[in-house]
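Hi,

Here is the structure I promised to pass on.

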Amino acid sequence: MDWLGPSMFAGALVLLSLGYPVAFSLGGVAIVFGLIGVALNVFDPVLMTAMPQRIFGIMNNFTLLAIPYFIFMGAMLQKSGIAENLLETMGQVFGRVRGGLAIAVITVGALLAATTGVVAATVVTMGLISLPTMLRYGYNKDLSAGVIAASGTLGQIIPPSIVLVVLADQLGISVGDLFIGSIIPGLLMAGAFITHVVVIAMIRPDLVPPLPDELLAVKGLALLTKIVRVMIPPLLLILLVLGSIFFGVATPTEAGALGAAGATILALCNRQLSWSTLGEVCDRTLRTTSMVMFILIGSTAFSLVFRGLRGDQFIFNTLTQVPGGKAGFLLVSMLTIFVLGFFISFFEIAFIVVPLFAPIAEQLYGFGGLVWYGVIIGANMQTSFLTPPFGFALFYLRGVAPPEVTTGNIYRGVVPFILLQLVILLLIILFPALVNYLPSISN
């Protein structure tokens, strides 16, 4: 009956394709296959008595408490208008050169990605704020769409983000180590995007015109003052959150609470904090956190039945026998995550698939190699979310793009950025020191 465990994935994908919520699809599949296993006398129903203890274990997980804090932090920075002010200021700084507005979008997109780690939030925000502006001043449609979609996916590997928090928890490694290890790859990714825009400005300047002079009226000391007032506080907040984790002053959860409080103070200082804003931010935090928790509970039931049907042993035996050893396992696991990224979000991948791969990765690469493996997973999913025809970032941008921007514009626009992401991903794989160097000197 070894087929029962792997068949659970097929059942879950069928329910997901029919539009059922992820959490209930996973829980429903667990119940159905649990009953089938009992009927065939291959599943011990006593195992289900462990479900309450597992749920209480989730509720007692101090690391996962960082999720609502980071969601609140990112939502507050967006709803309070701080993100829009950042983009406007960066546009005035870089707008005098060709491609400057695109560079501003990538820079602000990286900052937003660092605070939220949620592709949908960043892509939608940047699409609503910057895409009409880029089109209004003559930017190429393909490039504009590609820049926004690509910058929105940076949150997969730029700390601090809930993506890395969840990934570290599922891999059983330190959140701080994963944050530190992802800094260089994240900066490389953002730097590659900016370099691409600079090259385009050199060879095809007509695609990325400078902004008109009337939009750049703020100059000299006035511009410097605006930069200090608008940009420095959010940057200091992010550095404070990261620094408190890196130097061991605070746990990720405590740092998340610090970031949430800091974002609220910034909104208050900018006179953007109101009961309405606070209510909307709390509502978004509640909805997203509840979604994550329900998915986690559903995936816990799924994994419990899956292991009861010896599916984990089947997966372990299959992947450890893949030709090519370490390279073969890396190829198969990354290809699996890449394809799943077309259909399910990061949270489902992290809670269902990553725990299956983690023991094998630890056996092949050692415990220290899990940080490197985690960063590769993040970079891989970043590419998956950007790849046509099913990438999530493409659908999010399509939903907020003006009518003159077609799906073809979006698909064509992201191709160069996908290639750049693949190059950075290959560099991370070939040169693990890009990930491991900073954690090694911080420990």
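By nonpolar core I mean a set of buried Ala, Val, Leu, Ile, Met, Phe, Trp, Tyr and Cys residues joined through side-chain atoms within 4.5 Å, where buried is under 20% relative accessible area, exposed over 50% and partly exposed in between (1.4 Å probe, protein chains only). This is a predicted model, so local features need pLDDT of at least 70 and side-chain atom pairs pLDDT 80 or more, while totals for chains, interfaces and linings use all residues. Residues are numbered from 1 along each chain as its sequence is written, and side-chain values use heavy atoms, without hydrogens or water.

The largest such core holds 146 residues, with Phe346, Tyr373 and Leu386 having the most contacts inside it. Helix H18 (residues 346-365) gives the most, 14 residues; helices are DSSP runs of H or I, at least four residues, numbered from the N terminus. Beyond its neighbours within four places in sequence, Leu386 has contacts (heavy atoms within 4.5 Å) that include Ala149, Thr153, Val414 and Phe417.

Now the rings. Phe, Tyr and Trp (its six-membered ring) pair if their centres lie within 6.5 Å; planes under 30 degrees apart are stacked, over 60 edge-to-face and the rest tilted. There are eight aromatic pairs. Phe193 and Phe417 are edge-to-face, at 5.2 Å and 85 degrees. Phe193 sits in helix H11 (residues 183-203) and Phe417 in helix H21 (residues 407-430), so this pair ties together parts 224 residues apart in sequence. Phe193 is buried at 0% relative accessibility, and Phe417 is buried at 0% too.

Finally, ring pairs link Phe329, Phe357, Tyr365, Trp372 and Tyr373 into a cluster.

Best wishes

Methods:
Helix = DSSP H or I, 4+ residues; strand = E, 2+ residues; numbered from the N terminus.
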